[in-house]
Structure formats: C-alpha cells, structure tokens
Amino acid sequence: MVAVSETLVPAELASLRASIDNLDAALVYLLAERFRCTQQVGHLKARLGLAPSDPAREEEQLQRLRALALESGLDPVFAEKVLAFIIAEVIRNHGVIAEAASSQSAKSRIDFFGLQRLVVAGWVRSPKAAL
C-alpha cells in the first residue's frame, strides 16, 4: 500500500477523517463525563460501605449494551469488550476510592483518639472548655 501524502488526500477522504476526528473527540469527552459520574458513585459506595464491584449491575449493563450494539449495527462482541474494559477501570477506581476513604476514616479515628489522649493528659484544652 502506498501512503497518501496529506497534500494529495482526496476531499472525500479528508472529510471522512475530519468526521472521525470529531467522533473521537466526542468519545473522549463522553468518557470523561462517564468517569466523573462513576467517581461520584465510587465515593457514595465508599461512604455507604458498599463493594466497588456490583456483578449484577455489570451483567445488566453488558446485556443492555449488547442489545444497543445489535440495534445500531455495531459488532456486539466488540461493544462488550469495550464496556468490559471501561467497567474494569471503574471498579479499579472504586477500589482506590474505598481504600482512600478507609484510610482517611482510620486517620480520623487516630487523630480523634490522639487528641483525646492529649486533652486527658492536660497538654491540650478541650474544645468544650473553650466554650
């Protein structure tokens, strides 16, 4: 195959490439928005003590995506692979969020009990005493 120089690109090819570039940009922005939403879900799950993964929900999403892929003329196997990759990344992110929340909670408990010991030892005035 011969590489086509950018100066020799037929108008139709240039137009199709421009459309692809726009679609790629849209995909990136959609993924960014999706990950902002899933990050909020991760924080909520961590606050509620829920597991990062929800296999029933994930299977529901895969089934829904398969149907959408078939309806739109996209290869459902390809669509499932893409969603499985995204879901795996979301679960990984949820795990990181849960770990951070857990360590922050432990740190808060340590800080509280450390402060409490200092108050009892007389090194720090109780916040209540200041009132």
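User: Which residues does H94 touch, not counting residues up to four places away in sequence?

Analyst: Contact means heavy atoms within 4.5 Å. By that rule, and leaving out residues up to four places away in sequence, H94 touches T38, V41, G42, K45 and P52. Please keep in mind that this is a predicted model, in which local features need pLDDT of at least 70 and side-chain atom pairs count only at pLDDT 80 or more, whereas totals for chains, interfaces and linings use all residues. Residues are numbered from 1 along each chain as its sequence is written, and side-chain values use heavy atoms, with hydrogens and water left out.

User: In which helix does H94 lie, and is H94 buried or exposed?

Analyst: Helices (H or I, at least four residues) and strands (E, at least two) are DSSP runs, numbered from the N terminus. H94 belongs to helix α3, which covers residues 76–121. Buried means under 20% relative accessible area, exposed means over 50%, and partly exposed lies in between (1.4 Å probe, protein chains only). H94 has a relative accessible area of 4%, and therefore counts as buried.

User: How should I read the loop between α1 and α2, and where do L50 and D54 lie?

Analyst: L50 is found in the loop that runs between α1 (11–48) and α2 (55–72), and D54 lies in the loop between α1 and α2 as well. L50 is partly exposed because its relative accessible area is 48%, and D54 also counts as partly exposed, since its relative accessibility is 33%.

User: How far apart are D54 and I91, in sequence and in space?

Analyst: D54 and I91 are separated by 37 residues in sequence, while their C-alpha atoms are 8.8 Å apart in space. For the protein in general, the contacts between residues at least 6 apart in sequence can be examined, and 51% of these join residues at least 24 apart.
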